[in-house]
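Here is a short report on a modelled protein pair.

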Amino acid sequence: MHRRDFLISSLGASAVALSAKTWSAPATDQRFLVVFLRGGYDAINVVVPTYSDLYYGRRPTIAIPRPDPANANAALALDGQWSLHPVLKDSIYPLWQKKQITFVPFAGSDDTTRSHFETQETIELGQSVGGTRSYQSGFMARLASQISGASPISFTGQPPTTFRGADAVPNIAIGKVGKSGLDEQQAALIQQMYEGHQLQAAVREGFSVRDKAYAMLSGETAAANHNAAPPSNFELASRRIARLMKADYNLGFLDVGGWDTHVNQGSTGGLLAERVRQLGRGLSVLVEEMGPDVWAKTTVVVLSEFGRTFKENGDRGTDHGHGSVYWVLGGSLPGGRIAGEQVDLKVGNLNEGRDLPVLTDYRSMIGEITGRLYGLSQDRLSKVFPLAPAPSLNLI
Amino acid sequence: MTKLAVEMDTQFKAAAKVQDPTKRQAAQLAYYRAMLDLRQQAVTRSLLRDIYSSNQLQEQMTWFWFNHFNVQAEKRDIRAMVGDYEDQAIRPHALGNFKDLLRAADLHPAMLRYLDNDQNATGHINENYAREILELHTMGVGSGYSQKDIEEMARILTGVGVSLSPDPPKLKPEEQAAYVRRDLMEFNPARHDFGEKTVLGRKVPGAGLSEFEDMLDVLARQPATARYISRKLALFFIDDAPPKLVDRMSKAFLAHDGDIPSVLEILFHSREFQAASRMKAKDPVHYVVSAVRLTYAAGPPVTEAAPVQEWIERLGQPLYGRETPDGYPLAASAWSAPGQLTAMFEVARQIGSGSPNLYRTEGESKNTPTRPTPPALRSTLNERQVSPALASKTKDVLAKARSPAEWNALFLSSPEFLHR
């Protein structure tokens, strides 16, 4: 029996009988990475509803042209309705063809403030919008606590909200790993002062993560030289993330900024196209660096706080909207699909007349994925995402 | 502050009106830089006070209360207000009366902006501020108020906002008497719900801004508030909130009608406080400020706070930078994760080896040479006879230092120095 089938069935009718077994044997060989695009990426110019006349009507200067074999700048057809930004041709499109990526349009949160700060916070906390929130409890922290053998890491300079409440999650500004100012002898002397102290383990772990991260740098120059173009920061970061998650960590969080495209965002080229190209390249580098065996046990979710306005604004950009398009990637995915509930993108179906409605809640989506990856019972899952809408996407 | 905020608003609006997109972006960038500079000036003033003030408790409590009544500078135009907020609303009351502090903070335009109360009006209720006043500023979550109390509190708060305009809004003659304007804070009767409200079982007849002011006084006297504040103070100073100690502090809070020194006196004279000495790991602000004080305070005056700020930011606790209204966590465990400790040791090395940028004057280029090197901490500490307080492991390690800068770095990394 394939592992995935086993887990799907364990969530079905026989869940009660199997739950004890899945509890005692959580799938710690599975790796899970969340990539948060901060700033609200303009989802429908990346995963494009090329079937929609309204899309072309409302975006006269920034729309991506419909698929056309004769036009190198045309969108790449996905399922006949949706198409992919042409700049992703060599990075993400091959993953689509290998069925290792699924796109979930109309995805997002029930936070309707359209504020970056509020909505990022809402998603990272993963609690319901209406009730009293605990700012000290993020969903990745709660997820880590439900998986035995979890080894979490945050690839960010500061511990992110989503890991609040978890013990000693190492964080590392992955793009900025450099030579430490403290030499080996100094590191050893500092550790010596903490022998027998309550912080002894934390001090040791801190130096150890630093050393692991620095050690991977040594192999980088050679790898980078394979590429004609110098690697972008994100590409470099992706390679390091792949190495750390291959060897030492199985639960990761990464954020990528620069998506708040209010002005001159461009179309097939320009500001957004360049960001998307780097993102796609970074993710394909991650897949490559992990190698087929590890990639087969890895799932990546790409999300953002909200989508943007359906109509372009007066500055050839877009403003804060609501529904987004989330990505799910993995080496064992039944991918190559557009998943989740949809509405026809025509007049009258837009949310408040200005943006995409949210039909798939981020909590039900991530809840279902992680529930299946780690064989979490409904009870355990409800501790990660209390009151989340019931999942039904069959993404993995 | 009023002048600053109005000027910045004018600059912002003018920038938005520029027709050419490229020129508009340049104008908006100039606005952004000017706002950043305002925040920077506030940070500098605050940090230089932290380093040089002879009343350290005043500065520590200013940080504590700012964090309790947290606002984030990056939101909207708060960067133009944050300096005034700390200096006029928080610092004067940091060792004063909680009731005065509560009024000053919760009626300040920075706070009204930060928690969106300028968007709370009758017919367009925004509960955000009402919820946080009860949950974070006064009684604490789960202390006996209901969702209904929050809804009623939100009605009391309608019309309490911020105005950058020199002119009052157009009001009906019967509304004009209730209009209140204090600098940027504006109470607009046209936006207020004058119906009767009930909060915590207490009837509040429609009266205008005084409904909010009186309700703050009521909240300041709640036993739940006394407990919640006492708990946080204990956590801040000793990383623990022993129920018996919190009881005694709460009693003093209520008996002295919110007099903060009376509450601190109980805490500082407690056995629990004595026992906790050097047990709580410092948070980044306390760590960096104390390290800079120890290393540089006796030398030539530090003229530039930017390096101090960078060290604090590197450790994840930038001044005015906490996004969420709950403020930075007070528990030591929030700041002593592995990656954070390693970063602290790196910062210790930088502080210990001396940053010429601490003595930079405006307009001077970076890394100007011929600046004072940091004093050798070894001799400073010898003079103060610190040695007997050090563990033998620490002494052994310090004896292995290969240079004065390394000695500094190791001492600033020691468990003794890392804990308050």
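Contact here means heavy atoms within 4.5 Å. By that rule, 43 residues of chain B are in contact with 38 residues of chain A.

The model is predicted: local features need pLDDT of at least 70, side-chain atom pairs count only at pLDDT 80 or more, and totals for chains, interfaces and linings use all residues. Residues are numbered from 1 along each chain as its sequence is written, chains are lettered from A and ligands numbered from 1 in the order in which they are written, and side-chain values use heavy atoms, with hydrogens and water left out.

**Interface**

The size of an interface is often given as the accessible area lost when the parts come together. Buried area is that loss (1.4 Å probe), summed over both parts. Chain B and chain A bury about 3400 Å² between them. Carbon and sulfur atoms account for 59% of it. On the chain B side, Pro338(B), Phe345(B) and Lys393(B) supply 16% of the area buried against chain A, more than any other three residues.

A salt bridge is a side-chain nitrogen of Lys or Arg within 4 Å of a carboxyl oxygen of Asp or Glu. There are 3 between chain B and chain A. Arg210(A) forms a salt bridge with Glu346(B). Their closest N and O atoms are 3.6 Å apart.

**Cavities**

A cavity is a set of points, on a 1 Å grid over the protein atoms alone, where a 1.4 Å probe fits but cannot get out; lining residues have an atom within 4 Å of a point. Points are joined across faces, edges and corners, and a volume is the space filled by probe spheres set on them. The count is 4 cavities of 30 Å³ or more.

In the table, Ala, Val, Leu, Ile, Met, Phe, Trp, Tyr, Cys and Pro are nonpolar, Asp, Glu, Lys and Arg are charged, and the others, Gly among them, are polar.

| Cavity | Volume | Lining by class |
|---|---|---|
| Largest | about 90 Å³ | 6 nonpolar, 3 polar, 2 charged residues |

The lining of the largest cavity includes Trp63(B), Glu86(B), Tyr320(B) and Arg322(B).

**Confidence**

pLDDT is the predictor's confidence in each residue, from 0 to 100. Chain A averages 86, and 88% of the residues score at least 70. Over residues 1-27 of chain A the pLDDT is below 50. Residues 222-229 of chain A stay under 50, with 6 contacts beyond four places in sequence.

Conventions. On a 1 Å grid over the protein atoms alone, a cavity is a set of points where a 1.4 Å probe fits but cannot get out, and a pocket is an open set with protein on both sides within 12 Å along at least five of seven lines; lining residues have an atom within 4 Å of a point. Buried area is the accessible area (1.4 Å probe) that two parts lose on being put together, summed over both.
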